[in-house]
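Me: Hi! Could you walk me through the salt bridges and the core packing here?
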Amino acid sequence: MQVMSAPRLSLGQRLIAFSHLCKPRVNSLIVFTAMIGMCLASREFPPLLRFLVASLGIALVSFAAAALNCLVERTVDARMARTRWRATARGDISPGETVTLATLLGGAGLWLLHHYINDLTMWLTLATFVGYTVIYTLILKPATPMNIVIGGASGAMPPLLGWTAMTGSVAAEPLVMFLIIFLWTPPHFWALACYRRDDYARSGLPMLPVTHGLACTCQQILGYTVMLSAASLIPVSLGMSGGFYLAAIAVLDLIFIGHAIGLCRNYSDARARACFRYSILYLTLLFAALFADRLLT
């Protein structure tokens, strides 16, 4: 009996599948925070062409990093219900194709930043790429349950990249935005890991809810959320923002802390899912409030 093989994807289908590996929804938030960093770098709106080119360069490198992350984790993804549909996990796209397309995207992004923006932004973006694809994905994630804390530094870089793209230098303001995202990452990701703990147990990755249990993880979520709330007030003390941002972030922080306390007192997967979803809204509205406050002053 002849065994029928799976149909080979057309070029167009492979490109569409590859675009999903680039994690466009996740990277849209990354690019958004980079854009806010650009807008806050000066009193006036940045030059439009420079703004668009810098955004595109950062986005392309982020897409490449996401695709290579999927490639490295393809065997892990195949064991998880959340990720087994990815083309690398299914074998729809070969490792060679993934590396080629990711190299083209990442190379194009770095070239744009070098040729049209500045070398500081290019090198920082390259360091972010290496931090995510090598230090986090290859080294930290399979080695320690605190992987997301240490590896979160790469995900916190976009506002700093946006700032340097406009100014060519590092200052206190983008470092504060870096700190906010750095402290936001653990409660955001651990809330997801809590209600996906069975998936992560099958994957073999040492995620905190699997290695230390839900109670410990929820306490960590609460602790980092409190630290995040404190850090979110630094822009006011530095004069980066004023009353509008302060009012907005006070409400956002209280809601986030409420979610974290709810997880500690009476955990449920539904509460963890709600906390995860709110964390995305929180960061989006925080950066939007920073930008709106600048417009109002």
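**Salt bridges and cores**

Reply: Happy to. Asp92 has a relative accessibility of 27%, so it counts as partly exposed. Bear in mind that this is a predicted model.

Me: Which side chain does Asp92 meet in a salt bridge?
Reply: That would be Arg90, at 2.8 Å from N to O. Arg90 is exposed, at 54% relative accessibility.

Me: How many salt bridges are there by this rule?
Reply: The count is 3. Another one joins Asp269 and Arg197, at 2.7 Å from N to O. That pair links distant parts of the chain, with Asp269 in helix α16 and Arg197 in helix α11, 72 residues apart.

Me: And Arg202, what does its side chain pair with?
Reply: Asp199, at 2.5 Å from N to O.

Me: Is Asp199 buried or exposed?
Reply: Asp199 is buried, since its relative accessibility is 3% and the cut-off for buried is under 20%. Arg202, at 45%, is partly exposed.

Me: Switching topic: how many residues are in the largest nonpolar core?
Reply: There are 68, and those with the most contacts inside it include Ile180, Trp184 and Phe287. Helix α10, residues 172-195, gives the most to this core, with 13 residues.

Me: What is Ile180 in contact with, leaving aside neighbours within four places in sequence?
Reply: Its contacts include Leu228, Pro235, Tyr245 and Leu286. Apart from that core lies another, of 15 residues, among them Leu68, Cys70, Ala87 and Ala102.

Notes:
Residues are numbered from 1 along each chain as its sequence is written. This is a predicted model: local features need pLDDT of at least 70, side-chain atom pairs count only at pLDDT 80 or more; totals for chains, interfaces and linings use all residues. Side-chain values use heavy atoms; hydrogens and water are left out. A nonpolar core is a set of buried Ala, Val, Leu, Ile, Met, Phe, Trp, Tyr and Cys residues joined through side-chain atoms within 4.5 Å. Buried means under 20% relative accessible area, exposed over 50%, partly exposed in between (1.4 Å probe, protein chains only). Helices (H or I, at least four residues) and strands (E, at least two) are DSSP runs, numbered from the N terminus. Contact means heavy atoms within 4.5 Å. A salt bridge is a side-chain nitrogen of Lys or Arg within 4 Å of a carboxyl oxygen of Asp or Glu.
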